[in-house]
Amino acid sequence: MDTTVTNNDAEGTTWGGGNKPLRASYGKLMMWFFILSDALTFSGFLAAYGFSRFKFIDAWPIADEVFTHVPFIHGNFPMIYVAFMTFVLIMSSVTMVLAVDAGHHLKHKSVAFYMFLTIIGGIIFVGSQGWEWATFIKGDYGAVETKGGKILQFVDTDGNRMALGDFAITQVGEREQHLNKNGVWFSDEAAPTTYSIEEVKAGFEATPNALIRIQTLTENGEKTVLSREESLAKLAKDGKLVVEGANLIHNEYGAPLFADFFFFITGFHGFHVFSGVMINIIIFFNVVLGTYERRGHYEMVEKVGLYWHFVDLVWVFVFTFFYLV
Amino acid sequence: MAHEHKLAIFRGTLKFKNNIQKIWGVLIFLSIITAVEVVLGIIKPEFLIETTFIRMKLLNWIFIILTIVKAYYITWDFMHMRDEVKGLRRAVVWTGIFLISYLVFILLTEGDYIFEVYNTGFQSWNF
């Protein structure tokens, strides 16, 4: 424990570590070092996201159309759930800072209580993020990928999105998933999509009010919708693969890079929240057991507090650059 | 361990009686900013989308500035940067601001250049 608690043995000896040039303890200073380096890691991710977005600035997915779901409720609610998650995280930041404040006044019970609320907030946030991931991976309407890796989505003549199931015609076929037990061990394929590309193409031709929406943005920042003739020609000529949901290779919402960055950035952040919850639980038990009561100060709570606020700080930026801008 | 807290925010125009009140005050302020961001993100006022300033929509400028404001209050009041000495504050904040601005600048410039190459090149990417 000597390494985690700087005590006053070395006080007054300039080179013995007792001097505090920045009037912050060793532990807090090291936490700031870590936070700064972690901030640079996150900004590296976000700047790389910006790079890829600028590279495809005229065809990037619109976040409002991607994240539209709220658990247990059907309908189109862009932003609402992410705003809720942001609020939960800010709220848990507040309970954390209240725990730190109670620690300064050596109020043992309130520290434990506020730490407990912080942990609950963190768990709600991680759970929500898991749900976001699941919804994103499962997909919404489905789309068709072209030979060049572009995504074609379907709308009706009023501009409402159409799911593949709305128009695809089921055909009788014998296509089975190729598994590696049926041939050479290194060769297999992903599970087949609900509809094959032939079924989608046949259904599209038979549905007069179906149109194709390509990724290119118009001047108003909306996706371009092709005319019926252009749509038929485009799907027949370039359509190659049915995409449902998103993974690291295919993404029904648009550029695969969007999904890659979504998984990477929110995943890395979610991992931070998860570790934060774990650390908070350890500190919570230390508080309950009276470790800091005996030590005479609650600086440990302050240090994990810094980390927890940092996680909140990062989310503020992820929220802006992934969901708003 | 009882630290002295600086209890005024907004450059001293809003003073709080104690630290706990300040925490709730900052929470209310941050919640208002988040609400404004979400409402703007949903209605997307046409004026803010049509007007651009240095090649970026006014709306996006607003989002980014509000984000930095939020980051400021989280760092200053929740992470107690307001109560630290100047040396620590500057060492952390300016290092971050300098390196991050530099990184963002070079990566966005490069991304824009690649977009131009794709956009004006002879090769068709849309097939």
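These numbered notes cover the two chains of a predicted model, their folds and the interface between them.

1. **Confidence in chain A.** Read chain A with its pLDDT in mind. The mean is 90. Of its residues, 94% reach 70 or more. Among the elements, helix α2 (residues 63-66) of chain A has the lowest confidence, with a mean of 88. Helix α8(A) has the highest, at 96.

2. **Make-up of chain A.** Chain A holds 10 helices and 5 strands.

3. **Overall form of chain A.** The radius of gyration of chain A is 26 Å. A compact globule of 325 residues would have a value near 20 Å. Along the principal axes, the C-alpha trace of chain A spans about 85 × 50 × 40 Å. Buried residues account for 39% of the chain. Take the contacts of chain A with a separation of 6 or more: 67% of them pair residues 24 or more positions apart.

4. **Helix α8 of chain A.** Just after α8(A) comes A:Gly290, with a positive phi of about 90 degrees.

5. **Helix α10 of chain A.** Is α10(A) mostly covered or mostly open? It is mostly covered: 25 of its 26 residues are buried.

6. **Make-up of chain B.** Chain B has 4 helices and 4 strands. From the N terminus on, their order is β-β-α-α-β-β-α-α. The radius of gyration of chain B is 20 Å, well over the 14 Å that the globule rule gives for 127 residues, so chain B is more spread out than a compact globule. Its C-alpha atoms fill a box of roughly 70 × 35 × 25 Å along the principal axes.

7. Chain B is divided into domain 1 (7-83) and domain 2 (85-120). The centres of these domains of chain B, taken over C-alpha atoms, are separated by 21 Å. Of the 127 residues in chain B, 19% count as buried. Among the contacts in chain B between residues at least 6 apart in sequence, 38% join residues at least 24 apart.

8. **The interface.** How many residues of chain B are in contact with chain A? The count is 46, and they meet 47 residues of chain A. On the chain B side, the elements that give two or more residues are α1 (19-43), α3 (58-78) and α4 (86-120) of chain B. Helix α4(B) gives the most, with 16 residues. By type, the residues on the side of chain B that touches chain A comprise 28 nonpolar, 13 polar and 5 charged.

Methods: Residues are numbered from 1 along each chain as its sequence is written. Chains are lettered from A and ligands numbered from 1 in the order in which they are written. This is a predicted model: local features need pLDDT of at least 70, side-chain atom pairs count only at pLDDT 80 or more; totals for chains, interfaces and linings use all residues. Two residues are in contact if their C-beta atoms, placed from the backbone, lie within 7 Å. Ala, Val, Leu, Ile, Met, Phe, Trp, Tyr, Cys and Pro count as nonpolar, Asp, Glu, Lys and Arg as charged, and the others, Gly among them, as polar. Domain bounds come from an automatic or database domain assignment. The radius of gyration is taken over C-alpha atoms; the globule rule is 2.2 Å times the number of residues to the power 0.38. A residue is buried if 20 or more other C-beta atoms lie within 10 Å of its own, exposed if 12 or fewer, and partly exposed in between; C-beta atoms are placed from the backbone. pLDDT is the predictor's confidence in each residue, from 0 to 100.
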